[in-house]
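Please look at the sequence and the structure below before reading on. The report that follows goes from the whole chain to single pairs of side chains.

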Amino acid sequence: VMTSHILFPALDAREPVTLSPRFITGLLRQELGFTGVVVTDDLGMKAVDHLYDDPAAAVRTVAAGCDLLVVCAANTDTERCRGFAAALATAMDDPDLAPILMQSRARINGLLARAAQHAVTPLPPDLLTTHAGIAPLWQGATAAVMEKR
């Protein structure tokens, strides 16, 4: 299920669906019994981008019950994505969030087990060097590729 960034005041007057534990965990998972993966709509959309100025909002989204967060490059810059990733990595040590993350991982793994898998072909080691000027991620990506080789 993909969430929407709409507000349902009768159910949660403060948070849009994507950030609402009352909606995702309460209504969707507990009341309706949905056990599948919940994915957000793009977190950079104008309807909610101001709610994601603080990277901790990504953690609140997972805590609300979302399993996968959609972040489109067209709407969100690299630094914001890195902030989301750092906040989520730090939150993994939170004992209150650990059971939520374990359940989420199980749902995602279940989905992956049922989905078609395609082989991954590694990029040539010099490809990132050749295209270094086109992406701000070049230095970090190059280092990551070189570490794996």
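This is a predicted model: local features need pLDDT of at least 70, side-chain atom pairs count only at pLDDT 80 or more; totals for chains, interfaces and linings use all residues.

Residues are numbered from 1 along each chain as its sequence is written, and side-chain values use heavy atoms, with hydrogens and water left out.

**The chain as a whole**

The protein chain has six helices and zero strands, where helices (H or I, at least four residues) and strands (E, at least two) are DSSP runs numbered from the N terminus. Along the sequence this gives the pattern α-α-α-α-α-α. Of its 149 residues, 30% count as buried; buried means under 20% relative accessible area, exposed over 50%, and partly exposed in between, with a 1.4 Å probe and protein chains only. The chain exposes about 9,500 Å², and carbon and sulfur atoms supply 63% of that area, as given by the Shrake-Rupley method with a 1.4 Å probe, where for residues only the protein chains shown count as cover. A contact means heavy atoms within 4.5 Å, and among contacts between residues at least 6 apart in sequence, 67% join residues at least 24 apart.

**Aromatic pairs**

The structure holds two aromatic pairs. Rings of Phe, Tyr and Trp (its six-membered ring) pair if their centres lie within 6.5 Å, and planes under 30 degrees apart count as stacked, over 60 as edge-to-face and the rest as tilted. Phenylalanine 8 and phenylalanine 23 form a stacked pair, with 5.7 Å from centre to centre and 10° between the planes. Because phenylalanine 8 lies in the segment before α1 (21–31) and phenylalanine 23 in helix α1, this pair ties together parts that are 15 residues apart in sequence. Phenylalanine 8 is partly exposed, at a relative accessible area of 40%. The rings of tyrosine 52 and phenylalanine 84 have centres 6.0 Å apart and planes at 75°, so this pair is edge-to-face. Tyrosine 52 lies in the loop between α1 and α2 and phenylalanine 84 in helix α3 (residues 78–91), so the pair ties together parts that are 32 residues apart in sequence. Both tyrosine 52 and phenylalanine 84 are buried.

**Salt bridges**

Side chains of opposite charge can pair when their charged atoms come close. A salt bridge is a side-chain nitrogen of Lys or Arg within 4 Å of a carboxyl oxygen of Asp or Glu, and the structure holds six of them, including those in this table.

| Salt bridge | N to O distance |
|---|---|
| Arginine 60 and glutamate 15 | 2.8 Å |
| Aspartate 67 and arginine 29 | 2.8 Å |
| Aspartate 49 and lysine 46 | 3.5 Å |

Aspartate 49 is buried, with a relative accessible area of 18%, whereas lysine 46 is exposed, with 69%. Salt bridges that share partners join Arg29, Asp67 and Arg107 into one network. Both aspartate 67 and arginine 29 are buried.

Threonine 61 is found in helix α2 (residues 56–64) and is buried, with a relative accessible area of 0%. Leaving aside residues up to four places away in sequence, threonine 61 touches Thr18, Leu19, Thr40, Tyr52, Cys66 and Leu69.
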